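Q: Hi, could you walk me through this one? I'd like the overall layout and then the charged pairs.

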Amino acid sequence: MQPITKSRRNQMADEEKKDIQPAKSKGKPRQVKNIIPLGTQEVAVYATPKVAKALEEVTEDMTLYNGVRLAQVMEAVYLQGQKDGARKAIGSLEQALAEAKEGVRYRNPGKPPKDAKAGAKPKK
């Protein structure tokens, strides 16, 4: 009888893993790829199934004019989302900075005043 080598052990472990079925099967994908024809090119839009269905209804009888209008609306929504996201990020940074400033006690610059209790010499 030959001893079992490391490679044979790994091979046996791989075979055992193949036999094990996953606990649950994969569900439907969360994002659906939608192709929107715009003139000479096509634009791929990834969205949830609910948005994909709405997009399919909107692009059902798409003409070039409607396609351009849809692209303008989508671009405006995208740009507004960028602005809102930036505004939210800057707002959270400003809020964190304000909280940090509250935690730091303000002290005037220069030499601190002498404390009367801490070993002050009596005047002659």
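A: Happy to. Among contacts with a separation of 6 or more in the protein chain, 14% join residues 24 or more positions apart, a contact being heavy atoms within 4.5 Å. This is a predicted model, where local features need pLDDT of at least 70, side-chain atom pairs count only at pLDDT 80 or more, and totals for chains, interfaces and linings use all residues. Residues are numbered from 1 along each chain as its sequence is written, and side-chain values use heavy atoms, leaving out hydrogens and water.

Q: Which pattern does the protein chain follow along the sequence?
A: The order is α-β-β-α-α. Helices (H or I, at least four residues) and strands (E, at least two) are DSSP runs, numbered from the N terminus.

Q: And how much of the protein chain is buried?
A: Buried residues are 7% of the 124. Buried means under 20% relative accessible area, exposed over 50%, and partly exposed in between (1.4 Å probe, protein chains only).

Q: How many salt bridges are there in the whole structure?
A: Two, counting a side-chain nitrogen of Lys or Arg within 4 Å of a carboxyl oxygen of Asp or Glu.

Q: Where do E57 and K53 lie?
A: Both are in helix α2 (residues 49-58), four residues apart, about one turn. E57 is exposed at 52%, while K53 is partly exposed at 49%.

Q: What does D84 pair with in a salt bridge?
A: R87, with the closest N and O atoms 2.8 Å apart. They are three residues apart in helix α3 (residues 64-103), so about one helical turn separates them. D84 is partly exposed at 36%, and R87 is exposed at 53%.
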